[in-house]
Amino acid sequence: MASAKRKPRLAVWKFASCDGCQLTLLDCEDALVAVADAVEIAYFREATQSEVSGYYDLSLVDGSITTARDAERILDVRKRSRTLATIGACATAGGIQALRNFANVREYAAVVYARPDYIRTLATSTAIAHHVRVDYELRGCPIDKRQLLEVISAFLAGRRPVTPPHSVCIECKRKGNVCVMVAHGTPCLGPVTHTGCYALCPSYDRGCYGCYGPKETPNTPSLSRWFARLGVDNRNLQRVYRTFNANADEFREESERHGA
Amino acid sequence: MSPTDSTQHAVVTPEGLQALFEALKRRNYRVIGPILRDGAIIFDDIASVGDLPKGWTDEQDGGHYRLHRRDDGALFGYAVGPHSWKKFLLPATQRLWSAERTEHGVAITPEPRPSERFAFIGVRACDLNAIAIQDRVLIGGAQADLRYQSRRQGAFIVALNCGVAGGTCFCASMHTGPKASGGYDLVLTELVDDGEHRFVVGVGSEGGGTVLAELPHRSAASEEVAAAEAVVAHTLANMGRAMYSDDVHDLLLRNLDHPRWDEVAARCLTCGNCTLVCPTCFCTTVEESSDLDGSRTARSQRWDSCFTMDFSYIHGGSVRATARSRYRQWMTHKLATWWDQFGTTGCVGCGRCITWCPVGIDITEEVAAIRGSEPS
Ligand code: SF4
Ligand code: SF4
Ligand code: SF4
């Protein structure tokens, strides 16, 4: 008989973020017990007081890089991680805080903080993949817990996770939703957005806001031309691409084609 | 009339239609038909005639669909919506089998064969042709899709001769409508213009005749049969779109390097909507799932689309990486290579891909652009 295998060590790391994505793991409820059975949760500040030590088989990284200190820390995390998966729009694209990339961060700090001179921050917010090699990206703002469990299950089984990079529209059509853009004239980012949310907003009669960032081969210029026909003005054409995934390449480039 | 007499026509009222639904339910059919939901006419379960979109019609154009009131009480006064019958015959997601690790090894459990029997109400000529095309593809060859076969063979089809052509319809060009020419159990033509609201009913199968015999009905007068013919003629004369299709196979295949493919690629979002609304598109993929402790796994089949990168992914990359290659693959398959592969058209002219394309790309316009560029 083979002896019981060592459980894979899991770490959850936090960088600049609202913590929502790592809380998704705690939100897995019953499944969390199964996760705790399947892996050793070796580092997870939201759940335990464990300390950083040694190596981790799977690191889930939440948040973006916004300080020089974090830019150093992510290098250490990478060294300690056999597999590194980024979770959520902050980690995969820079998050909503990447709006600073289009503005002057000193001006922002002056408005927000009483003593802006205490603030040490970079001029940009960038994705983890901008700094280190990332093995896997899980999109979303926040991530979907079913997808998170899928990534962990696939990691444990040694298979590729089923998190396809195609459009939200495909999910919408599989669900039988009536298209809000065609039938109601509501601008919807679904045709250029990565699926994963199970077409949440269109299922509730709203256009997609692009929380999962650009899909594979997104044709944003064509969609923008159609949005303009639906009455979206140039300023709003810029703004629709500047939300949680403002710094994802294709959304950033498209937003830069429009403006006031 | 005798139950199988297909030359005679009967007349039923909306009450007779209600009796039809009840007769089908007594036979344990799940009755599916058009209903209004979320600003469109879609297909779902119907309990009674009251569920039908009475007095509604639709306005359709490239990337555009809106409902409007009609000035009469027609029950079928609109064209096809975003759903097609493949939603039921070839569902978007279905589990194929699951497996569990036990003390004795791995136990595989195939999903049971579907036992549901559908009665479809208001199947238009284009969609009857689409069902026949999917039959050819999915159960007409050496390897039958047994799940599709179970659903298909159990289905009862109440066809509808269209009283309205939608803004994107072009069945006349594809020789698939608007008159139902077979593949149904019963066929209805709705008469709303004068006098009593009624349906001229034709019988297409023995089962259809048996059901009709149970409904309150009378024989159709010759004027009523003529009125039904006039309804179809009027629809035929009012097609929203046209596409000369007789030579389209050769036209497209000799223009595989046409600059128009680049032009349409600049607009195409590769979103896949066109393929998923198309009633003939049949592509699926399979996905595995496994649980955290590695004791259970399952395989499911899902609708797929030739517009994704994964669709043509083979070792090292996607064969069709550009929008140009994906749109061209889709359109040439529908209109040209489908003939070579299956001996029929892959397009029945239902217009769904035009209406539900988020940016209004129009297959008839693309054909016309390529045709127009050739010296005549
Ligand atoms: S509602 Fe949005 S995501 Fe859904 S099909 Fe329409 S455009 Fe695509
Ligand atoms: S290609 Fe378009 S018009 Fe032709 S059958 Fe499919 S959805 Fe209908
Ligand atoms: S033709 Fe229209 S519906 Fe089809 S993939 Fe392109 S944009 Fe989407």
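1. In this predicted model, the contact between helices α11 and α13 of chain B is made by Tyr327(B), Trp330(B), Met331(B) and Leu335(B) on the α11(B) side, which meet Ile363(B), Glu366(B) and Val367(B) of α13(B). Sorted by class, this contact holds 6 nonpolar residues and 1 charged residue, with no polar ones.

2. The geometry of the pair can be stated briefly. Helix α11 covers residues 323-342 and helix α13 residues 363-373 of chain B; their axes come within 12 Å and cross at roughly 90°. Since angles of 65 to 115 degrees count as roughly perpendicular, α11(B) and α13(B) are therefore described as roughly perpendicular to each other.

3. Chain B also contains an open sheet of 4 strands, ordered β7-β6-β14-β13, with antiparallel pairing. Its edge strands are β7 (105-110) and β13 (284-290), each of which pairs on one side only. On average, neighbouring strands of the sheet are turned by 20° against each other, direction ignored.

4. Within that sheet, strand β6 (residues 93-102) and strand β14 (residues 296-303) of chain B run antiparallel and are joined by 7 bridges. Opposite Thr93(B) stands Arg302(B), a residue of β14(B).

5. Ligand 1 lies between chains A and B. The residues around ligand 1 include Cys169(A), Cys172(A), Cys179(A) and Cys188(A), as well as Asn273(B). Helix α7 (residues 168-175) of chain A gives the most to this shell, with 4 residues.

6. By class, the shell around ligand 1 comprises 8 nonpolar, 2 polar and 1 charged residues. Among its other members are Val168(A), Lys173(A), Val180(A), Gly190(A), Pro191(A) and Pro202(A).

Notes
Residues are numbered from 1 along each chain as its sequence is written. Chains are lettered from A and ligands numbered from 1 in the order in which they are written. This is a predicted model: local features need pLDDT of at least 70, side-chain atom pairs count only at pLDDT 80 or more; totals for chains, interfaces and linings use all residues. Side-chain values use heavy atoms; hydrogens and water are left out. A residue is near a molecule or strand if one of its heavy atoms lies within 4 Å of it. Helices (H or I, at least four residues) and strands (E, at least two) are DSSP runs, numbered from the N terminus. Ala, Val, Leu, Ile, Met, Phe, Trp, Tyr, Cys and Pro count as nonpolar, Asp, Glu, Lys and Arg as charged, and the others, Gly among them, as polar. Two strands pair if DSSP finds at least two bridges between them. Axes are lines fitted to C-alpha atoms, for helices over the stretch in contact, and angles run from 0 to 180 degrees between N-to-C directions. Angles under 35 degrees count as roughly parallel, over 145 as roughly antiparallel, 65 to 115 as roughly perpendicular and the rest as oblique. Contact means heavy atoms within 4.5 Å.
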